[in-house]
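Dear colleague,

Please find the structure below, followed by a short account of what was found in it.

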Amino acid sequence: MSVPAIAVKNLVKTFGDSTVLNGIDLDIAQGQVSCVIGPSGSGKSTLLRCMAFLEESTKGTIAINGEVLGFAENAKGVRERLPAAANRRIRAQIGMVFQQFNLWPHMTALGNVSEALKTVHKINRKDAEERAMAQLAKVGLGGRANHYPSQLSGGQQQRVAIARALALNPKIMLFDEPTSSLDPELTGEVLNVMRDLAAEGMTMVVVSHEIGFAATVGQQIIFLDHGKVLFTGPPQEVFKRPRNPRLEQFLDTYIDRGASMLL
Amino acid sequence: MSTKLFELLLQASIYTVTISMVSILIGFAIAIIVSAMLLSRQRLFVLPGQIFISFFRGVPLLVQLLLIYNLLPVIGINVPSIVAAIVGLSLCTAAYQAENLRGGFASVPSGLVESAEMVGLTPIQIFRRIKAPIALRLTFPALVNEAILILKASSLVSVVGIVELTRMAQDLAGSTFLPLEIFASAGLIYLAINWIVALAGGLIERSLPGVPR
Amino acid sequence: MTFDINVIFSHLPEIASGACVTIVIWIVAALAAAVLGFLVAVARRFGGVILDRVFGIVIAVLRGTPFLIQIFLVYYGGPFVGLSLDPIPAGVVGLSIYGAAYFSEIFRSGFAAVPKGHIEAGLCVGLTHTQIVRRILLPEMTMLVLPPSLNMTIILMKETAVLSIITVPELTATLSAIGSQQYAFVEALFVLALFYWGLVEITGWLGRLAETKLTRFRFFHI
C-alpha cells in the first residue's frame with residue numbers, strides 16, 4: 001500500500017463562533033480524482049484551502065505524501081506550528097487553481113506561468129520561458145502567451161492559471177470551484193483540460209458544482225454537509241444509488257434542473 | 001493687460017512647477033519610508049508613523065510652512081527660504097502620499113497573494129514581484145491627484161518670500177492696480193498646468209499594463 | 001533656545017478672540033458651502049444640460065486654482081466690480097464659494113451612487129420628482145456623502161488659516177503677530193499647530209462617532 005497523497009485526520013476549523021469543518025477524516029489516494037460535492041456552506045472550499053495550508057486548521061492534521069503540513073499534533077492534542085521553510089517545501093508538491101483565477105494582472109500569460117520558475121527556482125529566463133510556453137501550448141494557449149489577463153476571456157484565464165500551476169510539476173492538483181466564475185459556454189474548455197489531466201494520472205481534488213464532470217471523471221466522490229463527510233464512494237454508488245437521505249435531497253435539486261445522467 | 005505682465009507670470013510659474021515637482025518626489029521617498037514603518041507592525045515604528053501622518057494632515061500647510069521657516073534658524077539650521085519651503089511641502093505631501101500608499105497596499109486582492117504563495121514565492125518575493133507593483137499601480141491616480149494638490153498648495157510658499165506664481169501675481173497686482181486681470185491670469189496659468197498634469201497622468205495610467213478590477 | 005510659555009498665557013484674551021473668529025468663520029462658511037453645493041448639485045442633475053455644463057466649468061475652475069488666488073480675487077479684485085468687502089466677509093464669501101464647488105461634487109457623486117432602479121421604482125408607483133428626491137434620493141444619499149463631507153469640513157477649517165494673508169484676525173494671524181512682537185515665534189507657532197491638530201482630531205472623532213450611530217439608518221447594502 002502506498003502512502004496516501006493527502007491524509008486528513010480529524011480536521012476541525014472554526015471561524016470565531018462558527019465551526020465550518022467538524023472533524024474530517026479523509027484519504028486521497030495516489031493518482032485518484034476526488035470530487036467534493038455538497039450544499040453551499042458545507043465547508044468544501046475551506047477543506048481544500050486547509051489542505052493547501054491557505055487556512056490554518058484549528059485541530060487535526062494534514063499530511064501530504066506522508067509529511068505533515070502546517071501544524072503537527074501529538075497524541076495529547078498539543079499543536080506545534082511547523083517552520084515556514086518546511087511548509088513551503090511540502091506545499092510545493094501541490095498546485096492550486098482558484099475560482100477567481102488569481103492571475104497577476106501586471107504580467108502577461110507567459111509572465112504568469114514563468115514567474116515562479118524564474119524567481120523561486122532561479123531558472124534562467126530563456127529556459128523558464130521555454131518551459132512556460134510548452135505548458136501554455138498544452139492547455140491550448142500557445143498563441144496567447146503575450147496577452148495580459150485583461151485581454152483574455154474567463155476560460156482562457158483559468159487555463160493559464162492551470163498552466164501556471166502545472167509548470168512547477170506538482171504531484172497533486174487542487175481545484176477550488178474552477179468553473180463557477182465562468183459563463184456556461186466557457187466551462188467546457190476548462191473541464192476538458194482537467195479531463196486530460198486526470199487521464200494522465202494526476203492526483204486531483206476538485207470542489208465543484210459540475211456534477212457531470214464528477215460523475216464521468218471522478219473516481220472518489222466525497223459528499224460534505226455542515227462540515228462533516230456524510231458519504232464517500234465511487235460515482236456509481238453516490239449518484240445512481242444514493243443511500244443517504246441528505247445526499248438524495250442534495251442530488252434532487254440537480255435532477256430538478258435536468259441532470260439526466262443521475263437517473 | 002500687456003503680454004509683458006503675462007510673461008512675468010509665466011516665468012514665475014516655472015518656480016511653481018519646479019518647487020512642486022521636487023517636493024512631490026522628496027515627499028514620495030519619505031512616504032515610502034513612513035509606509036514601511038506602518039507596515040512593519042512593530043509598535044516602535046508604527047506609532048511614530050501614525051503620529052507623523054496625523055500631524056502633517058491635521059495642521060494647515062500654512063502653519064507648517066511658518067513653523068519650519070521660523071523653527072530652523074532657531075535650532076541653528078540656516079538654509080535659504082526656498083529649502084525651507086521645499087522641506088515644508090515635502091513633509092506635508094509625504095503624509096498624504098503615505099496614506100495613499102497604505103490604501104493601495106490594502107486594495108491588493110488577497111487572492112493574488114494566495115496564488116503567489118501556492119507557486120512557492122517567499123514573503124519577500126511576493127512583496128517585490130506582486131504586492132508592490134500592483135499597489136503602486138492602484139495608487140497612481142491618487143498620486144496624480146496629489147501632484148495637482150501640491151501645485152495649488154505651492155501658492156502658500158509666497159508667504160515665506162519665494163517668488164513663485166502667486167507672489168509674482170501679488171506684486172504685479174499691487175504695482176499695476178489691475179488685480180482682476182492679474183489674478184485671473186494667474187488662475188488661468190494654474191488651471192493650464194493642472195490640466196496638463198491630469199492629462200499626462202491619464203495617459204501614463206492607460207499605458208500601464210493591467211490594474212486588477 | 002528658550003521656550004517661554006508665559007508669553008502665550010499673558011495674551012490669552014487675544015488668542016481666544018482669534019480662535020473664535022476662526023471657528024465662527026469655519027462654521028458659517030462650511031454650512032453655506034454645503035447648502036450652496038447641494039443646490040448646485042440639484043440644479044446640475046435636474047436643471048437641464050446647459051446649466052449642468054456651465055456649472056461644470058465654474059466648478060472645474062474653482063477646483064483647479066489655488067484658494068489663495070480666489071481669495072485675492074474676492075478681496076483685492078472685488079472693489080473693481082463693485083464688491084467692496086471687509087476682510088472677514090471676504091473670507092467667508094471666498095471660503096463658502098470654494099467649499100461649495102467641492103461639496104457640489106460630493107453630492108453629485110452621492111446622487112449618482114443611488115441605484116437607478118430605486119428611482120425607477122419610485123416613478124413606477126407614481127411619485128413626483130420632488131417626492132422622489134425627498135423620500136428616496138436624500139435618505140439613501142446621506143450615508144454615502146457623510147464621510148467625504150466630514151473630510152471637506154475639516155479641509156475648510158484648515159483653509160481658514162490662509163485668510164490670515166488678507167488680514168482676517170483669525171488665529172493664525174493673531175498668534176503670528178504675538179510671536180513676532182514678543183520674539184516668541186516657536187512657542188506661538190507650536191500652540192497654533194496644536195490647536196489645529198487638536199481641532200481636526202476632535203472633529204474627525206466626532207464625525208466617525210456620528211457615522212457609526214447613523215449606520216442604523218442605512219437603507220441598502222453597498
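Helix α3 (residues 61-74) of chain B packs against helix α4 (residues 81-106) of chain B at an angle of about 135 degrees, with 9 Å between their axes. Axes are lines fitted to C-alpha atoms over the stretch in contact, and angles run from 0 to 180 degrees between N-to-C directions. Helices are DSSP runs of H or I, at least four residues, numbered from the N terminus.

From α3(B), the contact involves B:Leu61, B:Gln64, B:Leu65, B:Ile68, B:Tyr69 and B:Leu72, and the α4(B) residues include B:Ala84, B:Gly88 and B:Leu91. Residues are in contact if their C-beta atoms, placed from the backbone, lie within 7 Å. The contact of α3(B) with α4(B) comprises ten nonpolar, three polar and no charged residues (nonpolar: Ala, Val, Leu, Ile, Met, Phe, Trp, Tyr, Cys and Pro; charged: Asp, Glu, Lys and Arg; polar: the others, Gly among them).

The model is predicted: local features need pLDDT of at least 70, side-chain atom pairs count only at pLDDT 80 or more, and totals for chains, interfaces and linings use all residues. Residues are numbered from 1 along each chain as its sequence is written, while chains are lettered from A and ligands numbered from 1 in the order in which they are written.

Between chains A and B, the contact takes 20 residues from chain A and 18 residues from chain B. Helix α3 (residues 109-119) of chain A gives the most to the chain A side, with three residues.

Yours sincerely

Technical notes. Contact = placed C-beta atoms within 7 Å. Helix = DSSP H or I, 4+ residues; strand = E, 2+ residues; numbered from the N terminus.
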